[in-house]
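Please look at the sequence and the structure shown here, then read the briefing that follows.

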Amino acid sequence: MAQIFPKWTLKIPAIALIVVVFLGANAVGFIWYYGSPKYTDVGYRPTQPVPYSHKLHAGDLGIDCRYCHSGVERSAVAGVPPTQTCMGCHKLILPDSPKLAPIRKSFETGVPMEWVRIHKSPDFVYFNHSMHLRAGVGCETCHGNIAQMEVVTQNQPLNMAWCIDCHRSPDKYLRTQDKLTEMGWIPPENQAGIAAEIIHTKGLEPNDNCSTCHR
Ligand code: HEC
Ligand code: HEC
Ligand code: HEC
Ligand code: HEC
Ligand code: HEC
C-alpha cells in the first residue's frame with residue numbers, strides 16, 4: 001500500500017487520486033487536464049469590507065508591499081496588515097471618512113477586520129512565500145501589477161501546470177533582491193546572465209517532484 005500511495009496522496013480528493021493511480025506519477029500532463037479550477041479563478045475579485053485601493057497606497061503613494069505584508073520574506077504566508085497599520089496614518093489622514101468607518105470600529109473594539117481571501121491553494125498543496133522571495137521571484141510574477149489595481153484581482157491561474165512551468169524553467173522570472181516588490185518590471189537585456197548568476201550563487205534547484213508541493 002505504502003508504495004502505491006505515498007503519504008501525501010491521502011490529502012488529495014478521491015477522484016483525483018484515481019487519476020494519479022491510473023496514469024502513474026509521471027503523467028503530469030494528463031492530471032493538468034483534469035485539474036479543477038475551483039480554487040484558481042483568474043479574475044476573481046471579491047468586494048472587500050473597506051474599499052482599500054492598492055493603486056492609491058502602493059501605486060500613487062508608493063508604500064512598499066512589505067510595509068503591510070510583513071510576513072512575506074520570513075514565512076509561508078504574506079499576511080494582511082493589522083488595523084493598527086492603517087490607523088498609523090488614518091488617525092490623521094481622513095479621520096472622518098465614512099469609507100474608513102469599519103477600520104475605526106475595528107481599532108476601537110480590537111476586533112480584526114475580516115478581509116475576504118482571494119488567493120487560496122487547496123489544503124493538499126504546500127506553498128511558501130519566503131522560499132520564492134529568497135529565490136528572487138517578484139510579487140508581480142504571481143499576482144500581476146498590484147500597484148495598478150483598485151481592487152485586487154487574481155491575475156494568474158495558480159494551478160499545478162502554472163507552478164511546474166516555472167519550476168522547470170524559472171530563468172526569465174528571477175530578479176535581484178532589490179527588485180522583488182517592483183511593479184512594471186522589465187527584464188534587463190542580460191536577463192539570462194543575471195538569472196544564471198542567481199541560480200548559481202543561491203544553488204537553486206526548483207523541481208517537479210510531487211513531494212515538493214504535496215507533502
Ligand atoms: C497600506 C497597506 C498595504 C500595502 C502597502 C500593500 N497591501 Fe496588499 N493588501 C492590503 C490589504 C488591507 C489587503 C486585503 C484587502 C484587499 O484584498 O484589498 C491586501 C491584499 C493583497 C493581496 C490579496 C490577498 C488575498 O486575499 O489573496 C495581494 C496579492 C496583495 N495585497 C499584494 C500586494 C503587493 C504585491 C503590494 C505591493 C505592490 C501590496 N499588496 C501592498 C494592504 C496593503
Ligand atoms: C502611509 C500612510 C497610509 C497608510 C499606512 C494607509 N493609508 Fe489609506 N490613505 C492614505 C492617504 C494619503 C490617502 C488619500 C487621502 C486623500 O485622498 O486625501 C488614503 C486614502 C484611503 C481611503 C480612501 C478614503 C476616502 O474617503 O476616500 C481608504 C478607504 C483607505 N485609505 C484605507 C486604508 C486602509 C484599509 C489601510 C490599511 C490597510 C490604509 N488605508 C493605510 C494614507 C495611508
Ligand atoms: C511564486 C508565486 C508567488 C509570489 C512570488 C508571491 N506570491 Fe503571494 N501568493 C501566491 C500563492 C500561490 C498564494 C496562495 C497561497 C496559499 O493559499 O497557501 C498567495 C497568497 C498571497 C496572499 C494571501 C495569503 C497570505 O499568504 O497571506 C497575500 C497577501 C500575498 N500572496 C501577497 C504577496 C506579496 C506581497 C508578494 C511579494 C512580496 C507575493 N505575494 C509573492 C503566490 C505568490
Ligand atoms: C515564477 C516561478 C515560480 C512559480 C510560478 C512557482 N515557483 Fe515554487 N519555486 C520557484 C523557485 C525558483 C524556487 C526555489 C528553488 C530552490 O530553492 O532550490 C521554488 C521553490 C518552491 C518550493 C520549495 C522547494 C524546496 O525544495 O524546498 C515549493 C514548496 C514551491 N516552490 C511550491 C510552489 C507551488 C505550490 C507553486 C504554485 C502554486 C509554485 N511553487 C510556483 C519558482 C516558482
Ligand atoms: C510545483 C508544485 C507542484 C508539483 C511539483 C506537483 N503538483 Fe500537483 N498540484 C499543485 C497545485 C498548485 C495543485 C492545485 C491545482 C488546482 O487547484 O487546479 C495540484 C493538484 C494536484 C492534484 C489534484 C488535481 C485536482 O483535480 O484538484 C493531483 C492529483 C496532483 N496535483 C498530483 C501531482 C503529482 C502526481 C505530481 C508529481 C508528478 C504533482 N502533483 C506535482 C502543485 C504541484
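A residue is called buried under 20% relative accessible area, exposed over 50% and partly exposed in between, with a 1.4 Å probe and protein chains only. The model is predicted: local features need pLDDT of at least 70, side-chain atom pairs count only at pLDDT 80 or more, and totals for chains, interfaces and linings use all residues. Residues are numbered from 1 along each chain as its sequence is written, chains are lettered from A and ligands numbered from 1 in the order in which they are written, and side-chain values use heavy atoms, with hydrogens and water left out.

**Iron of ligand 4**

- His-132 (NE2) and His-167 (NE2) coordinate the iron atom of ligand 4, at 2.0 Å.
- Donors are N, O and S atoms within 2.8 Å of the metal (3.2 Å for Na, K and Ca); water is not among the atoms, so sites may look incomplete.
- The arrangement around this iron atom is octahedral because its 6 donor atoms subtend angles of 89 to 179°.
- Six donors count as octahedral if opposite donors are over 155 degrees apart and all others between 65 and 115.
- His-132 belongs to helix 7 (residues 129–135) and His-167 to helix 9, so the pair, 35 residues apart, links distant parts of the chain.
- Helices here are DSSP runs (H or I, at least four residues), numbered from the N terminus.
- His-167 is buried, at a relative accessible area of 18%, whereas His-132 counts as partly exposed at 25%.

**Iron of ligand 5**

- The iron atom of ligand 5 is coordinated by Met-160 (SD) and His-214 (NE2), at 2.0 Å.
- Its 6 donor atoms subtend angles of 84 to 180°, which makes this arrangement octahedral.
- Met-160 lies in helix 9 (residues 160–168) and His-214 in the segment after helix 11 (210–213), so the pair ties together parts 54 residues apart in sequence.
- Met-160 counts as partly exposed at 29% relative accessibility, and His-214 as buried at 9%.

**Surroundings of ligand 1**

- There are 21 residues around ligand 1 (a heavy atom within 4 Å), and His-54, Cys-65, Cys-68, His-69 and His-119 come nearest.
- A backbone N or O atom of Ile-118 is 2.8 Å from an oxygen atom of ligand 1.
- Helix 3 (54–60), helix 4 (65–68) and helix 8 (139–143) are the elements that give two or more residues to this shell.

Methods:
Four donors count as tetrahedral if all angles lie between 85 and 135 degrees; four count as square planar and six as octahedral if opposite donors are over 155 degrees apart and all others between 65 and 115; anything else is irregular. A polar contact is a pair of N or O atoms within 3.5 Å; within protein, one must be able to donate a hydrogen and the other to accept it, and residues adjacent in sequence count only if both atoms are side-chain atoms.
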